[in-house]
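Reader: Let's go through this one together. I'd like to hear what stands behind each label.

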Amino acid sequence: MDGNSLGALPIAARERLEHVVKAEWGKGLIKSWNDAGWIALNERVGAKIAPLVGAHPKEVVLADSTSVNLFKTVATAAVLNAGRKKIISEAGNFPTDLYMMEGLTAFMKGDLELKVTARDDILEALDEDTAVLLLTHVHYVSGAMFDMAAVTKTAHEKGVLVVWDLSHSAGAVTLALSEAGADFAVGCGYKYLNGGPGAPAFIYAAERHHGAMAQPLSGWFGHKCPFDFVDTFEPKDGIARMTTGTTPVLAASALESALSVFDGLDMETVRTKSVALTDLFIALCEKDLGAYGFTVVPCGDDARGSHVSLMHDEGYAIMAALIDHGVIGDFRAPNNLRFGFTPLYMSFVDVWDAVETLHRIMKKKIWDHAKYKERNAVT
Ligand SMILES: Cc1ncc(COP(=O)(O)O)c(C=O)c1O
């Protein structure tokens, strides 16, 4: 139940990695940049992600990590909206989103500033000095999902460009970036897209911005003719100018194969199952666990993404015990037990089994053991 943090290993990805290592790298060596198509891997994988996020294949590219892409897209959007100074984001957004903005604004020495606002006040906070609104579409703890089209529309009416972090959305909920008029988006490859630990991330940029967008990490992979080895930077046409350095071929190949599980899948169907799984989990928790002090982290008036968090003062120890008993979720400080529902490979029986195991751990106080209270580096 942690595919929202690290998706399961697809058979196709394992087989592809073996082939890439043995044949393309082992035998082909550097020739594989041409012969095995490594040079176009980032654009090819981007095009495969595009239908999952409701974008045109030419609007998505694989690059770097989500953190780095946040820096690149927000900086790009801020330049497109020059004359305005503020970046607005949500208080309690995923830390890297805020940390990267702290870094960007510090680097800009006062030319850009970050304002972090309570969720309910975000739209009101947008003003004539706001350049960019940076939001995570599905909140990493609560699972609350913004209405992307409505938020984007309001932001645009106020002249603000929007960058969406789709880390907890891509591959689990229906997304329509183009239809919503979104400007930029970023997201992880290793969660619901099942690309493997540390898989590269993606960037979306609406085609209308391609001509004018200039991102600050102008590395040679974003150069129009990298193998001309000229001294000055000239960006590639289109989305590929958002890339920076050499594609991590092994990781990108794994992700490319992992994405084949989505071939021919309708995301509406995936979403329907996701909602049914989370609804069942919440109903079972409310029925069986009420006596043990759990609270479902609410989504307010927003829809829910594909994970559910339960709050409990002993959350860390309970999750550690649960993992020890074969139900893998995760813990998000200060007191959230987080459960992901990956519609492609989770069954309703898995949900029943998980709640039953949690019930047993509470009833027998299994969690109340010293070995479950010692914090690991990764929770
Ligand atoms: C909303 C969000 N953004 C970004 C990240 C991670 O970024 P990176 O892949 O750069 O570590 C996460 C990781 O969980 C996340 O939840």
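Predicted model: local features only at pLDDT ≥ 70, side-chain atom pairs only at ≥ 80, totals over all residues.

Reader: What makes domain 1 and domain 2 separate domains here?

Author: Domain bounds come from an automatic or database domain assignment. That assignment gives 11-262 for domain 1 and 267-371 for domain 2. Their C-alpha centres lie 30 Å apart.

Reader: How many residues of each domain are in contact?

Author: Contact means heavy atoms within 4.5 Å. By that rule 19 residues of domain 1 are in contact with 22 of domain 2.

Reader: Why is the pair Asp 302 and Arg 119 called a salt bridge?

Author: The term needs a side-chain nitrogen of Lys or Arg within 4 Å of a carboxyl oxygen of Asp or Glu. Asp 302 and Arg 119 meet at 3.0 Å, N to O, so the pair qualifies. The count between the two domains is 1 salt bridge.

Reader: Which residues come nearest to the ligand?

Author: Ser 67, Asp 165, His 168, Tyr 190 and Lys 191 do, out of 13 residues around the ligand; the cut-off is a heavy atom within 4 Å.

Reader: What puts Ser 67 and the ligand together?

Author: A polar side-chain atom of Ser 67 lies 2.6 Å from a ligand oxygen. For His 168, a side-chain N or O atom is 2.7 Å from an oxygen atom of the ligand. In Asp 165, a side-chain N or O atom is 2.7 Å from a ligand nitrogen.

Key
Residues numbered from 1 in each chain as written. Heavy atoms only, no water. Polar contact = N/O pair within 3.5 Å; in protein donor to acceptor, adjacent residues only side chain to side chain.
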